[in-house]
Amino acid sequence: MLIMLRAVLIELLRQLNSIRVKRVSRTKIMKLLYLIDRECKSLYGDSCTKTKWILWWHGPFSRSVLDVLDELEISGIVDADVVDYGDYVAVEYTLINPDYRVHVDNRTKDMIKKVVEKWGKRDLKRILKHVYSLPEVQKASLGDEL
């Protein structure tokens with residue numbers, strides 16, 4: 001399961017990098033991955049990342065995403081920076097080698113591209129507003145699987 005999530009996450013960062021989005025917050029990564037999985041389930045009946053999503057304090061959440069981000073940082077594939085914005089502190093990730101490749105099937109790659117084209121350059125507040133408005137998120141209680 002984590003192998004697929006790892007590949008999708010790296011491909012997401014690679015595609016964001018290709019549209020000049022170099023540093024991406026952990027929260028934005030989480031929400032974009034959720035949107036990718038949501039689209040995959042809608043079109044193909046299964047998630048792209050094979051991860052379990054639950055509704056947590058700040059919307060859709062997967063502990064596995066944090067585990068994979070930690071592993072990618074330890075492996076030297078991403079660099080993580082803690083950034084203080086005054087109102088809040090964010091952990092932001094940068095793909096160290098934008099040419100780093102992983103195997104992702106074309107269907108999944110296309111789904112990532114679709115989400116990146118629509119949401120990649122949008123600010124986090126806009127993404128959060130959209131994700132929080134989704135019917136399954138609105139109906140879920142804290143801890144429910146999405």
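Trainee: Quick one to start: is Lys50 buried, exposed or partly exposed?
Mentor: Lys50 counts as partly exposed, because its relative accessibility is 35%. Keep in mind that this is a predicted model.

Trainee: And where does Lys50 lie?
Mentor: Lys50 is in the loop between α2 and β2 (54-56). Look at its backbone too: phi of Lys50 is near 65°, which is positive in a residue other than glycine.

Trainee: Where's Arg20, and is Arg20 buried or exposed?
Mentor: You'll find Arg20 in the loop between α1 and β1. Arg20 counts as exposed, because its relative accessibility is 71%.

Trainee: OK, new topic. How many disulfides are there?
Mentor: The count comes to one disulfide. Cys40 and Cys48 form it, with their sulfur atoms 1.7 Å apart.

Trainee: Which hand does the disulfide of Cys40 and Cys48 have, and why?
Mentor: The disulfide is left-handed, because the torsion about the S-S bond of Cys40 and Cys48 is about -55°.

Trainee: Are Cys40 and Cys48 buried or exposed?
Mentor: Both Cys40 and Cys48 are buried.

Trainee: Which element gives the most to the lining of the largest pocket?
Mentor: That's α2, with five residues. The elements that supply at least two residues each are β1 (23-25), α2 (26-44), β3 (59-61), β5 (89-95) and α5 (124-133).

Trainee: How does the lining divide into nonpolar, polar and charged?
Mentor: The lining of the largest pocket has 16 nonpolar residues, four polar and eight charged.

Trainee: You mentioned α5. Which residues are buried in α5?
Mentor: In α5, Ile127, Leu128 and Val131 are buried. Seen down the axis of α5, the buried residues fall within an arc of 100°, so they line one face of the helix.

Trainee: Why would residues three or four places apart point the same way?
Mentor: An α-helix has 3.6 residues a turn, so residues three or four places apart point the same way.

Trainee: What's on the other side of α5, and what covers the buried residues?
Mentor: Lys125 and Lys129 are exposed on the other side of α5. The cover over the buried residues of α5 includes α2, β3, α4 and α6 (135-139).

Trainee: Switching to α1, why does Gln15 count as buried?
Mentor: Gln15, which is in helix α1 (residues 2-18), counts as buried because its relative accessibility is 8%. Leaving aside neighbours within four places in sequence, Gln15 is in contact with Lys109, Ile112, Lys113 and Val116.

Trainee: Last one: what does Ile96 touch?
Mentor: Not counting residues up to four places away in sequence, Ile96 touches Gly76, Ile77, Val78 and Asp79. Ile96 lies in the loop between β5 and α4 (106-119). The C-alpha atoms of Ile96 and Lys22 are separated by 9.5 Å, though these residues are 74 residues apart along the chain.

Note on methods:
Residues are numbered from 1 along each chain as its sequence is written. This is a predicted model: local features need pLDDT of at least 70, side-chain atom pairs count only at pLDDT 80 or more; totals for chains, interfaces and linings use all residues. Side-chain values use heavy atoms; hydrogens and water are left out. Helices (H or I, at least four residues) and strands (E, at least two) are DSSP runs, numbered from the N terminus. Ala, Val, Leu, Ile, Met, Phe, Trp, Tyr, Cys and Pro count as nonpolar, Asp, Glu, Lys and Arg as charged, and the others, Gly among them, as polar. Contact means heavy atoms within 4.5 Å. A disulfide is a pair of cysteine sulfur atoms within 2.5 Å. Buried means under 20% relative accessible area, exposed over 50%, partly exposed in between (1.4 Å probe, protein chains only). The arc is that of the directions from the helix axis to the C-beta atoms.
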